[in-house]
Amino acid sequence: MNERIGVKQLDDSDVKKRTAREILEALPEWFGIVQAREEYIEKSASLLFFAAFDKENPIGFLALKETGIHTVELAVMGVLKPYHRQGVGRALFAEAKKRASLNGYSFIQVKTVQMGCYDEYDRTNLFYKSLGFKEFEVFPTLWDEANPCQIYVMGIKQ
């Protein structure tokens with residue numbers, strides 16, 4: 001990742017929503033369902049939120065949600081396409097994982113569409129696996145039959 005790109009935690013709800021909207025609307029392959037995208041944007045305002053910037057321009061974000069006393073979920077993440085495969089997602093995740101560990105969590109989970117359904121989500125699955133996530137369980141109808149939900153988990157070393 002080049003030196004003009006940095007990651008920081010955002011706390012202002014409006015800035016979080018604005019950043020999430022800017023990134024997610026630019027990624028229709030993953031966030032093309034308007035109702036789902038709007039829900040991600042709205043919920044991101046209250047979540048632990050990290051953003052990546054190229055100079056002052058947001059280029060990606062990641063939001064964590066507590067799902068249990070020991071577990072957080074990578075609730076939503078997006079990186080603008082020109083910045084894919086440049087370490088931005090990895091840098092966002094490293095910062096989020098560090099914060100989750102400092103906050104005393106033992107596990108991180110993430111949900112995505114099961115491998116083999118869509119090319120875009122196959123790349124997403126491979127990205128999560130490359131970070132060290134392990135396949136946990138598939139829920140074939142959690143979202144709907146066309147989008148079987150793959151859950152990945154990762155232990156956080158404290």
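Tutor: A nonpolar core is a set of buried Ala, Val, Leu, Ile, Met, Phe, Trp, Tyr and Cys residues joined through side-chain atoms within 4.5 Å. Buried means under 20% relative accessible area, exposed over 50%, and partly exposed in between (1.4 Å probe, protein chains only). Here the largest nonpolar core has 44 residues, of which Leu62, Leu64, Leu74, Val88, Leu92, Phe93 and Phe133 touch the most other members. Strand S4 (residues 71-79) supplies the largest share of this core, six residues. Helices (H or I, at least four residues) and strands (E, at least two) are DSSP runs, numbered from the N terminus.

Student: What does the model rest on?

Tutor: This is a predicted model, in which local features need pLDDT of at least 70 and side-chain atom pairs count only at pLDDT 80 or more, while totals for chains, interfaces and linings use all residues. Residues are numbered from 1 along each chain as its sequence is written, and side-chain values use heavy atoms, with hydrogens and water left out.

Student: Which residues is Leu62 in contact with, leaving aside its neighbours within four places in sequence?

Tutor: Contact means heavy atoms within 4.5 Å. With those neighbours set aside, Leu62 is in contact with Leu48, Phe49, Phe50, Leu74, Val76, Met77, Leu92, Phe93 and Ala96.

Student: Is Lys55 buried or exposed?

Tutor: Lys55 is exposed, with a relative accessible area of 60%. This residue is found in the loop between strand S2 (48-54) and strand S3 (57-68), and Lys55 has a positive phi of about 60 degrees although it is not a glycine.

Student: Where does Arg85 lie?

Tutor: Arg85 lies in the loop between S4 and H4. Arg85 counts as exposed, at 86% relative accessibility.
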